[in-house]
Amino acid sequence: MTQLKNDTFLRALLRQPVDYTPVWMMRQAGRYLPEYRATRARAGSFMDLCMNPELACEVTLQPLERFPLDAAILFSDILTIPDAMGLGLSFGEGEGPRFAHPVRSAADVERIAVPDPEDGLRYVMDAVSLIRRELNGRVPLIGFSGSPWTLATYMVEGGSTKNYAFTKGMMYDRPELLHSLLAKVADSVTVYLNAQIARGAQAVMIFDTWGGALTPAKYLEFSLAYMQRVVSGLTREAEGRQVPVVLFTKNGGQWLDRMAETGCDALGVDWTTDLATARLAVKDQVALQGNLDPCVLYASPERIREEVATVLASYGHGHGHVFNLGHGITPDVNPEHAAAMVAAVHELSPAYHQGV
């Protein structure tokens, strides 16, 4: 494989010395970019875009042509695994994802199987290989998956949800059934991420979008325990270097200390938790990623720079910080405002790494 020209992101995740704080954005390949919208229109639909390795590669690289980002992230969707399980995924215009065959009974759980990534998810694997080749060592490539709890929630609800009626109903009434489903999903996530690593992903991230909807006890039992299971089964070295693992639970600031004990290398932090508080909670055991409020990007470039400075100061001096938004960039953000954020990070962050 080609030698990495910029490995700042990987070193920061492993809390190794860096000259500046690396930066990338969740959903950095997305609808806020006119070039993405053009490629998406050419693809015909969101899933057609995801399932075309050449076009997925094209949109993955688009933000890197605009901004001097320190990492690329695979363009895909977290629901590829349940789709490969035969649940009948579709995206209605303006409606979000829907599954034709939700998982709500013991027979439903029994029927689904761990997908072979090189079969039902071959399009994702081919995209990973192609992106790595086209990056040519410019920056590292991040692979990703949804967390077992988040994927199971979509699978049980049959789509997006506001009150988790079916999933929480199962959790309280039939916990053993939900555990059975989560175990199968966790094994699927592990195999899927390991396949991405084998194809060239140099770091992996697990997105736990819905973990913050749980009580503390249920979070530990039904979300964190299964992320721990995934982390324990992941390939942690490839191409002669470590493959860092990042966990991110939206609205999960209260559990950062427990998350840090999973064996992961870094934790994503949303904007509801101050980075100084997060750093104290994890006792510098792991790196931290985040955590500018995505809505800051609606402000002027001058204000964006000030807010970037606030986030950098919140983490403070020392290594182990990857700058990011606290969640995905929103579709109606001006790309020039994203550029202002990236420039501010690169300009202001070196002072926090000098003499450390």
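Is F46 buried or exposed? In this predicted model, F46 is buried, with a relative accessible area of 17%; buried denotes under 20% relative accessible area, exposed over 50%, and partly exposed the range in between, with a 1.4 Å probe and protein chains only. Residues are numbered from 1 along each chain as its sequence is written, and side-chain values use heavy atoms, with hydrogens and water left out. As the model is predicted, local features need pLDDT of at least 70 and side-chain atom pairs count only at pLDDT 80 or more, whereas totals for chains, interfaces and linings use all residues.

The protein chain comprises 15 helices and 11 strands, assigned as DSSP runs numbered from the N terminus (helices H or I, at least four residues; strands E, at least two). Its radius of gyration is 19 Å, close to the 21 Å that the globule rule gives for 356 residues, so the chain is as compact as a globular protein of that length. This radius is taken over C-alpha atoms, and the globule rule is 2.2 Å times the number of residues to the power 0.38. Along the principal axes, the C-alpha atoms fill a box of roughly 60 × 45 × 40 Å. Of the 356 residues, 58% are buried. Among contacts with a separation of 6 or more, 73% involve residues 24 or more positions apart, a contact being heavy atoms within 4.5 Å.

The structure contains 8 aromatic pairs. Rings of Phe, Tyr and Trp (its six-membered ring) pair if their centres lie within 6.5 Å; planes under 30 degrees apart count as stacked, over 60 as edge-to-face and the rest as tilted. One of these pairs joins F46 and F75 edge-to-face, at 6.0 Å centre to centre and 75 degrees between the planes. The pair links distant parts of the chain, 29 residues apart: F46 belongs to helix α3 (residues 46-50), and F75 to the loop between β1 (72-73) and α5 (80-84). F75 is likewise buried, at 7% relative accessibility. A further edge-to-face pair is formed by F46 and F91, with ring centres 5.1 Å apart and planes at 70 degrees. Because F46 lies in helix α3 and F91 in strand β2 (residues 89-92), this pair ties together parts that are 45 residues apart in sequence. F91 is partly exposed, with a relative accessible area of 31%. Together with Y36, the residues F46, F75 and F91 form one aromatic cluster.

Two arginine side chains are placed over aromatic rings. The charged end of R104 sits over the ring of F166, 3.6 Å from its centre, and that of R279 over the ring of Y315, 4.1 Å from its centre. The criterion requires NZ of Lys or CZ of Arg within 6 Å of the ring centre and within 35 degrees of the ring normal.

Two further buried positions were examined. Q196, in helix α10 (residues 175-199), has 0% relative accessibility and counts as buried. A polar atom of the Q196 side chain lies 3.0 Å from the backbone nitrogen of F144. Beyond residues up to four places away in sequence, Q196 touches L74, M125, V128, G143, F144 and A201. P115 is located in the loop between α6 (106-111) and α7 (122-135) and is buried, at 10% relative accessibility. With the same exclusion of residues up to four places away, P115 touches I81, A84, M85, L121, S188 and V191.

How values were computed. A polar contact is a pair of N or O atoms within 3.5 Å; within protein, one must be able to donate a hydrogen and the other to accept it, and residues adjacent in sequence count only if both atoms are side-chain atoms.
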